[in-house]
Amino acid sequence: MRRAAETPARALSAPRRQLKRLSRAIGDVLPKGLYARSLIIIIAPMVLLQSVIAYTFMERHWQLVTKRLSASVVADVAALIDIYESYPQDKDADTLSRIAGERLNLDLDILENAKLPPPGPRPFFSILDEALSDEIKRQIRRPFWIDTVGRSNLIEIRVSIPQGVMRITARRSQAYASNSHIFLVWMMGSSLVLLGVAILFLRNQIKPILRLAAVAEGFGKGREIEFRPRGAREVRQAGHAFIEMKRRIERAMEQRTTMLNGVSHDLRTILTRFRLSLALFESSDEIDDLTRDVDEMSRMLEGYLAFARGDSAETATQTDMRALLEDLRTDVERLGAHVSEVELVGRPFVTVRPDAFRRCLFNLASNAARYGETVSISGKLETRSFFVSIEDDGPGVPPERREDVFKPFVRLDDARQDAGGSGLGLAIARDIARAHGGDITLHDSSLGGLRATVRVPA
């Protein structure tokens, strides 16, 4: 019973899976942008509607009118054939030709002892050719030959008779609804005009959304961009909500910075008192140890405050990376490490917060100089990102522990992070990189140690 119940369920689930696959395939083909999708939403129904209207018009009006006109012309031709064969006294068909020209607007000629020309190639799309052929087969039922494309304004019909061939020439407008295509032209023209207007208005509605996305991305990278909500009511609401969120974040950061500045001032005051009190004592090993402890507490305090405070108040500007990396090289050489020539590929100007980015690189470079004797610094600009690589020939970090070194106050067994420091150097560096919209990754170095790569948006 269970197997019998599972079989219909599987049979129903198979079409669902196929439908999901089809939906995914269509989703992969369709554009991902809002502007392109909105255009499809506008264009697809319009094209579908125009196609239905055009098909209905062609089927119900154009073909019907053309068939009726063709039937009328063929009926006149059939009447002329019957008159010619019923009244043999008009041997030269002069009277019949005169009646056909004056009453029926047809030119009639009798080609005695002539034969029908060989059939020519049929046009690819011709309602008139098909309608005339059908009507001649139905009403006259004799061998015939027609030419609907040889002369643009005329059509020629030849019908086999016992004396030879009767040739009739008529104007195309007598058998064909020649003005009907004007309706299609007007329909397509008006659709293009309406589509152009829709695209213009749609672009104006999409611009505020793109602007809001650019401002949000710039705020995430620490860049200050002037923004005023525009567009539709919903887009304005989203813009005002973003501005309010931005103000709250800035207000919270300002309050945190103010609080930390107050805490820093109070702690520095106490540490200064310690230093003054220790200075009054005579020099001894115990006093020297206490002095070093106070200095260490001062350095740790500065590290904690720098990590908590960040550098968000600084404005992002165009910065010459070549000059910044050369200054970094000088600072690393002062730490006692050997630094090779700085390599820089691509345009050197990148928008960053200069002091914060300099501190990020210095924390990485000082960490490399502490554990290695040789340090390599290089920069490279790619499509939308700028990369700075700092390598050393030190002991390195195991791959499974490389993310741990960025955690605050975490130390590895080989003391790879801030020996004698606060344990926040690499955490501060990654925090600054991510505040720019980038990140820091660690890899094996070609020098044998560790390579730290900083990526920031260009």
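Valine 263 counts as partly exposed, at 37% relative accessibility. This residue sits in helix α7, which spans residues 233–280. The model described here is predicted.

**Surface patches**

- Valine 263 belongs to a nonpolar patch on the surface, together with Met259, Leu267, Ile270 and Phe274.
- The accessible area of this nonpolar patch is about 420 Å² for its residues together.
- A patch of positive charge also lies on the surface, where Arg16, Arg17, Lys20, Arg21 and Arg24 gather.
- Lysine 20, one of the residues in the positive patch, is part of helix α1, residues 2–29.
- Lysine 20 counts as exposed because its relative accessibility is 53%, and the cut-off for exposed is over 50%.

**Salt bridges**

- Side chains of opposite charge can pair when their charged atoms come close.
- The structure contains 19 salt bridges.
- One of them joins the side chains of arginine 138 and glutamate 135, at 2.6 Å from N to O.
- Arginine 138 and glutamate 135 are three residues apart in helix α4 (residues 127–139), so about one helical turn separates them.
- Glutamate 135 is buried, with a relative accessible area of 12%.
- Arginine 358 pairs with aspartate 355, and their closest N and O atoms are 3.1 Å apart.
- Both arginine 358 and aspartate 355 lie in helix α10 (residues 354–371), three residues apart, or about one turn of the helix.
- Arginine 358 is partly exposed, at 32% relative accessibility.
- Arginine 329 and glutamate 326 form a salt bridge with an N to O distance of 3.8 Å.
- Helix α9 (residues 321–334) holds both arginine 329 and glutamate 326, which are three residues apart, about one turn of the helix.
- Glutamate 326 is partly exposed, at 27% relative accessibility.
- A network of salt bridges links Glu326, Arg329, Glu333 and Glu341.

**Strand β9**

- Isoleucine 377 is found in strand β9, residues 374–381.
- Isoleucine 377 counts as buried because its relative accessibility is 0%, and buried means under 20%.
- Leaving aside neighbours within four places in sequence, isoleucine 377 has contacts that include Leu325, Leu328, Arg329 and Glu341.
- The C-alpha atoms of isoleucine 377 and leucine 328 are 8.7 Å apart in space, while the two residues are 49 residues apart in sequence.
- Serine 376 is also placed in strand β9.
- Not counting residues up to four places away in sequence, serine 376 touches Ser340, Ser389, Ile390, Glu391 and Leu447.
- Serine 376 and serine 446 are 70 residues apart in sequence and 9.8 Å apart in space, C-alpha to C-alpha.

Key. Residues numbered from 1 in each chain as written. Predicted model: local features only at pLDDT ≥ 70, side-chain atom pairs only at ≥ 80, totals over all residues. Heavy atoms only, no water. Patch = residues over 30% accessible without salt bridge, like charges linked within 9 Å, V, L, I, M, F, W, Y side chains within 5 Å. Areas by Shrake-Rupley, 256 points an atom, 1.4 Å probe, with all protein chains shown as cover. Salt bridge = Lys/Arg side-chain N within 4 Å of Asp/Glu carboxyl O. Lys, Arg positive; Asp, Glu negative; His and termini not counted. Charge placed at Lys NZ, Arg CZ, Asp CG, Glu CD. Helix = DSSP H or I, 4+ residues; strand = E, 2+ residues; numbered from the N terminus. Buried < 20%, exposed > 50% of the residue type's maximum accessible area, 1.4 Å probe, protein only. Contact = heavy atoms within 4.5 Å.
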